[in-house]
Amino acid sequence: MNFTMPKRENGQKTNPWLRLLYWGLVIAGIWFAYLNIQPYERAVSFLGGKATSSAFTSLVAAIPIINGIAAIFSKSLSWILGAILWGVIQIIEVLPLILYNNEKFIEKIVGEADGRSPYQEKDTDDPTLKMLKRTYNHLPISVVSNLEVLKIFTYTVDFLICLTVYSPVESGRISDLIFILATGQWGKLDYGNLALALVTLFAIEVIVSLIIWVGKLSYAIKS
């Protein structure tokens, strides 16, 4: 699926409302990306603070000028590392959505799976050979299934980071959140932080889905 608006064909013009919606979604995606990086920057800062020696920190903080430069550099580095972490997580989460909306990709996977002749495992085969045959027989479907497993794992990590930064409980501990949910103490939840966590978790995926839908709709209207 192409994330750009379809070009003019035979003098046809893209619907202006769809073009406006498309660029609005792109701007919204950039804005939410900027906002969603902040929890990861805070997570990286927290981990970096835990890993840094308190004696070294105190020494740097006592040196004039150097302490200010170190603070600026630390903030910039944390944001860059947070952006990289966020980018990796988002790519893993969004990639299946993009691939499943790409007809050529699906056609290639289905064609290779249907046209592949599986190897028969024999009792006389070496264990390594059996493993290689099993791996080959599961291709290319295993690539997609492994991507789904990785996506679930990534969503879990993403969810935990979001809950840590935007904790829906006052203590900020996951164990307290589980206890409150298990006992039905809904009044103790911070629904504002819960909403922020959900937006951070799903905003980009929703925007990418809408961009794909706009692209398909524009193509269908032109056709």
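Visitor: Which residues is P140 in contact with, leaving aside its neighbours within four places in sequence?

Guide: Those partners are I109, E112, A113 and R116, while P140 itself lies in the loop between α5 (127-138) and α6. P140 is also 9.4 Å from K108, C-alpha to C-alpha, although the two are 32 residues apart in sequence.

Visitor: Is P140 buried or exposed?

Guide: Buried means under 20% relative accessible area, and P140 has 8%, so P140 is buried.

Visitor: How many residues does helix α6 have, and what should they span?

Guide: Helix α6 (residues 141-165) has 25 residues, which at 1.5 Å a residue should span 36 Å, and this agrees with its end C-alpha atoms, which are 36 Å apart. Among the buried residues of α6 are Y155, I161 and L163.

Visitor: Which residues touch the most other members of the largest nonpolar core?

Guide: In that core of 21 residues they are Y40, W86, I161 and I204, and the elements giving two or more residues to this core are α1 (16-51), α3 (66-100), α6, α7 (174-183) and α8 (191-222). A second, separate core has six residues, including Y22, L25, I211 and V214. Beyond four places in sequence, I204 has contacts that include F32, W86 and V94.

Visitor: Where does pLDDT stay under 50?

Guide: Where pLDDT is low, the predicted coordinates should not be read in detail. Here that stretch is residues 50-57, with one contact beyond four places in sequence, whereas the mean pLDDT of the chain is 77.

Notes:
Residues are numbered from 1 along each chain as its sequence is written. This is a predicted model: local features need pLDDT of at least 70, side-chain atom pairs count only at pLDDT 80 or more; totals for chains, interfaces and linings use all residues. Side-chain values use heavy atoms; hydrogens and water are left out. pLDDT is the predictor's confidence in each residue, from 0 to 100. Contact means heavy atoms within 4.5 Å. Helices (H or I, at least four residues) and strands (E, at least two) are DSSP runs, numbered from the N terminus. The expected span of a helix is 1.5 Å times one less than its number of residues. Buried means under 20% relative accessible area, exposed over 50%, partly exposed in between (1.4 Å probe, protein chains only). A nonpolar core is a set of buried Ala, Val, Leu, Ile, Met, Phe, Trp, Tyr and Cys residues joined through side-chain atoms within 4.5 Å.
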